[in-house]
Amino acid sequence: MGKLHLSVMLLSLTNVKKTYATSEGPLVVLDGVTLDLGSGQSMALTGESGSGKSTLLHLVAGLDRPDAGEIVLAGKSLATLPDRELAALRRGTVGLVFQQFNLIPSLDVRANLSFQARLAARHDPDWCAHLADALGLTALLDRYPEQVSGGQQQRVAIGRTLAARPRLVLADEPTGNLDEATADSVLGLMLQLVSASGAALMMVTHSPRLAGRLDRRLHLTGGKVAP
Amino acid sequence: MNRAVIRSGMGALLSHWVRHPMQLLTLLVGLALATALWSGVQAINAEARAAYARAAAAVGEDTLARIVAVAGGPIGDSDYVALRRAGWLVSPLVEGRHRASGLRVIGIDPLTLPPQAAVSGAVPVVGGDIAGFLGGTRGLADAETIAALGGDGLPGVRLAPADGLPPMTVILDVGAAQRLLAAPGQLDALILAPGPHPNALPQHLALRAAARDGSLARLTESFHLNLTAFGFLAFAVGLFIVHSAIGLAFEQRRPVFRTLRALGLSAGTLTGLLVAELLVLAIIAGLLGVALGYLVAAALLPDVGATLSGLYGATVPGTLSIRAEWWATGLVIAVLGTLAAAGQSLWRLWHLPVLAPAQARAWALASTRTRRLQFGAAVALLAASAGLVAFGHGLWAAFGGLGALLLGAALALPSIMDAVVRVAQRARSGVLWEWFWADTRQQLPGLSLALMALLLAMAANIGVGTMVTSFRTTFVGWLDQRLASELYLTAASADEAARLTLWLRPRTDAILPIVSAEADLIGQPGSIYGVADHATYRDHWPLLQSVDGVWDRVADGTGVLVNEQMARRGGLGLGVEVALPHGALPIVGVYSDYGNPSPQALIGLVAFQRRFPDTEVLRFGLRIAPDRAAGLAADLRQTFDLPETALVDQAGIKAFSLRVFDRTFTVTAALNVLTLGVAGLAMFASLLTLATFRQPQLAPVWAMGLTLRHIALLDFCRTLVLATVACLAALPLGLALAWVLLAVVNVEAFGWRLPMQVFPLDWLGLFGAALLAIGLAALIPTLKLARRAPVDLLRVFAHER
Amino acid sequence: MNAKALILSLLLASPVAAQGFADLGSAAPGFALPDPDRTLTFPADHGPHWDFRIEWWYLTAVLSGPDGTDYGVQWTLFRSALAPVEGEGWASPQLWMGHAAVTTPDHHFVAERLARGGIGQAGVAPGPQPEPFTAWIDDWALTSRAAPGTDVLSDFSLTATGPDFGYALQLRTDAPLVLQGDKGYSVKSQAGQASHYYSQPFLSVTGKLRLPEGEVAVTGQAWIDREWSSQPLAENQTGWDWFSLMFDDGTRLMGFVLRDDAAGFTSGTWIAADGTPAPLAPGALTAEPLMTARVAGREIPVEWRLTLPDRGLDVTLAALNPQAWMATSVPYWEGPIRFSGSHSGRGYLEMTGY
């Protein structure tokens, strides 16, 4: 608990609710989730399919808005933030890694790697080169996404996320499309680099094994935090 | 393979359209519009052609020879009687426009009109009232014309309907026509019945062969050729839409195809089902298109009709009849077009491996190779085009060159676009623009068809617009030159001419006699004019080439001027001697003579009178201060009780010509809007197609911190940027098109070449219109993207598509 | 009688309607009616009678070639008026129609010309000044060559041309004109319809025919009929059969049957060789068709038996060429015949309204 007290509060959710309209009627995905996460902390979100863990991640990333409750990220309440500022938050504060389609197909690996950092006006060529090196991408910089393997694509996605030095990295089953060995190596790299960059990490996973490698673990059941 | 499998297969295929009604709509609308433009133009052509045929046939112009006055002008009733009594089977003809009603009046004698003249069959049915017809109280007209006039046609004349008459034309007895046209005792021509006839004609009369290859036909043919070319281009543009809509439908149904194949449907059966589906769609769209084409034609026909009647004196009906020839071709071309547009997709389907991967992007990778192939074909086509224009002969070579030019340019467009974007990419101006250009390049293969459509539409508009405007400017300038005199006067007789000139001498600055005679020039019927030695000619006559002291040579009778068509047709240049009646003369000048299909020569008045001593001087150009022209005309009319046709004022002719051209512009502008509309629709269809592929491309950018509005705005800009490049590329293409039309097609069709004049302001307007059309086309896809729910994009990251 | 196709109503081309042949049965307001008390005077009555609606100058000739071949020639100028006046220029209400034909045993050549009065394209000039008596339409003309003081129809030339034929004939006679009916007043129906009618049936002819195979010199006899009226047919009459017989002995017979919805009306004139006419009582002459031929899609009698018991006449007559069909604006049958029996000779037959 000591570590918790030392860290600055980066993210806090209070009684967040989210309902989607479906053809069978409203579907409650999140039903009053409350949590917080300090800088530099890492948290695993686990739960069954449909438990709301991805939705929670998307709300935190500012990709979608909660129906009720409050999300405060880096001192800003997301619920009322206009689109433009949500986008700025995604650019500068948050880094996202998804299961697939992380990369911009029309740009080569080098451009993909630096894309978000440059968007956030935080491009540091040395840091980028370091990341490329650390992720083993140096030889692939001139290739296009469709010319590299799935594991390599995810490594580019991680590098791109970290290149912008986000304060919070959000990952949604980043290794879900990869075989176990590749998944382990990619995840290892990610944890290592996130921790080295001082960013907080929130990762959705259905694997208890992977969840175990993070500081905390939050289990969602039916849109609620399991006790 | 049993019927149930086929039925359920068909059901599975068709369910696609139920789920994508917008796509179905695009396909149908695209095909219908393409067919509409094509069949609309064809309808106008068919209607106009039928109208000329009727106009010519009504008085047998197409089959019967005529006798006319050698000096031009009227023939007397007494000439008619003398010829009849000498055994000539001739029939009198009076033609003119009745001023008050604007109707074209044709006066005939039903008693002598040869049965070969179409109208002669109609006279007996004039309500059974032959006496009324001969007495001038009954006339014949097309039923539509009678309805249009609604009773206020000609005073004291009841019109009976007759088939086969051109619109706004009334057939009357010759006597009644002479009264209405204020030309008593005067005939315009005598129609000669076929068969043997006496040999000798009086000297002042000449025999004219039937106008089978008539001037009317030749002049109007070019107009139609242009319209047809326009219609074909429009159709080609429309096929781009169909191609992309079909391509999308096939692409999206790949999983269905795979499943059906896996369930045991053979490739042949599947292809057959899809062909059947396409045929049904093509027929529905074709019918829609023909109906739409009818509306297009009905809307444009009055203007086309007015243009043709103004330009060439050919009357076209204001309303349309449904002709089998165009609705059938409309349907056929819709079906053929659909199959052509679907050919590639069907071919792919036929060869689709049962378990082909559902890859959406393989085509993008293959596109570099495709682009190179296209570029190679483009270069070949452009070379062929240049060859045809430079070395080809005849109208069809010219049009072949035109077609190769347009197709070649269209095929070269993707390479040009790619090069432009590559250059833009190099100008590193920030990460967002880098992505913008990279993404633009990736969109190019998907948009290139629509961009080609836009290129062709723009080029056609610039080309035809430049041609029409050049024609107008040249023609108006030429009118200024040719109609230098303020008033033109025709006397009924030498006596009247003498009285008129006596009265006019103190009241005008100059009285310029105009005399002419019919003559064979370079083996074709033409005319020779005699002109006075006067500054009016020296200063204004539109000479294209001339020797030094040309007017002195004309005045002293040692040289002849010929019109451009005669020079071109005869291959005659300055200094060449041309055979004229009573002795050859060297050419000392060539002048432009637009609108006249026949050869013409011009010599000095003295020389003329020496050669044609019997020609009476009945026509005069009157020079007077322009502001006094109207007053003098009124005085002349009052003093001498001149008929309306005897005195023509220059301002009136010019105003009339300008009105005619403005009508031409209406038609051109309407076709412009329609082709640009079709190009816009092609763009719309392509963008809709692309939108389904775009989510994986756009989602990461959005996730990384761009708002959807921002992305949509960039997409919109991208479309406009590409459209702008296409429009800019269309400019040289359009000018090349105009040049071919003016300098090659016109020379082949008419025998004269028009100087090309460019009007950059018109282009600005056209660019504006094109960008507006493309902007409108991009609007819906843009708004759809900007308003997309986040959950749609998030799905990209979470699920397989 | 030569009651003929009538003119411009002709253009109506409605053969036999309720109004009778060529509209001849309709009333004619404003026009003069034939007057039984009128005495014909010459040369004035050779010219047009503008106050009557219809009028004709009608010539038929039976001719022989050098090889004995029979020929027939017809030349007719009809006048039909829309109003009982002549006017100047195109507005003239007078319409003229010319028919010309040459019949050979194998062919029948026909031409037709139409014109209106007032402009000089057709007409009848009374003569003798400035030009001799002439009846013309276009280049067809009947031009008198008669010496001053003799009848204009005692010596004249006649020309006509068609697309494939032509003729130029000289005709002359010393015989007097023959007044038909009652001193030139010819009754056409029981109801009293009538016309003014006189003839010159004693013309001898020489001249040339131009046929497709070449020129043929011919000689023979001709008969000219002049008739004018305003309403020659009763409304129930549909057509007529008209016979002109030139007996070998010089006698002439003109007879006609006006067909109607009942027994018809027959009449005629027996003309002695010296020209003395004897009108036949109505019904005295009988005409019986013996054989028909298919002509222009109709059944037309081309052999007849004529009887006139008063004169001991019982002859059978047959057409030289059954296909002598006048395919003109208003079509009819007109051609040369030969007859034999109690008498023999040549003549002309005209049949309308079939």
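**Close-ups of a three-chain predicted model**

In chain A, take the contacts (C-beta atoms, placed from the backbone, within 7 Å) between residues at least 6 apart in sequence: 73% of them join residues at least 24 apart. This is a predicted model, so local features need pLDDT of at least 70 and side-chain atom pairs count only at pLDDT 80 or more, while totals for chains, interfaces and linings use all residues. Residues are numbered from 1 along each chain as its sequence is written, chains are lettered from A and ligands numbered from 1, in the order in which they are written.

**View 1. Chain A overall.** Chain A holds 8 helices and 10 strands (DSSP runs numbered from the N terminus: H or I of at least four residues for helices, E of at least two for strands). Of its 227 residues, 48% are buried, meaning that 20 or more other C-beta atoms, placed from the backbone, lie within 10 Å of the residue's own.

**View 2. An open sheet in chain A.** Here 4 strands line up as β2-β1-β4-β5, with antiparallel pairing (strands pair if DSSP finds at least two bridges between them). The edges belong to β2 (25–38) and β5 (76–77) of chain A; each has a single partner strand, so one side of each is left without a neighbour in the sheet. Strand β4 (residues 68–73) of chain A meets β5(A) over 2 bridges, in the antiparallel sense. Look for Leu73(A), whose bridge partner in β5(A) is Lys76(A).

**View 3. Where chain B touches chain A.** Chain B puts 25 residues into this contact and chain A puts in 29. On the chain B side, α13 (431–482), α20 (650–703) and α23 (790–798) each give two or more residues. The top contributor there is α13(B), with 7 residues. Sorted by class, that side has 16 nonpolar, 4 polar and 5 charged residues (nonpolar: Ala, Val, Leu, Ile, Met, Phe, Trp, Tyr, Cys and Pro; charged: Asp, Glu, Lys and Arg; polar: the others, Gly among them).

**View 4. The largest nonpolar core.** A nonpolar core is a set of buried Ala, Val, Leu, Ile, Met, Phe, Trp, Tyr and Cys residues joined through C-beta atoms within 7 Å. The largest one has 188 residues, and those with the most contacts inside it are Leu454(B), Leu455(B), Met458(B), Ala459(B) and Ala726(B). Its largest share, 21 residues, comes from α13(B). Setting aside neighbours within four places in sequence, Met458(B) contacts Ala726(B), Cys727(B), Ala730(B), Gly734(B), Leu766(B) and Ala770(B).

Notes: A residue is buried if 20 or more other C-beta atoms lie within 10 Å of its own, exposed if 12 or fewer, and partly exposed in between; C-beta atoms are placed from the backbone. Two residues are in contact if their C-beta atoms, placed from the backbone, lie within 7 Å.
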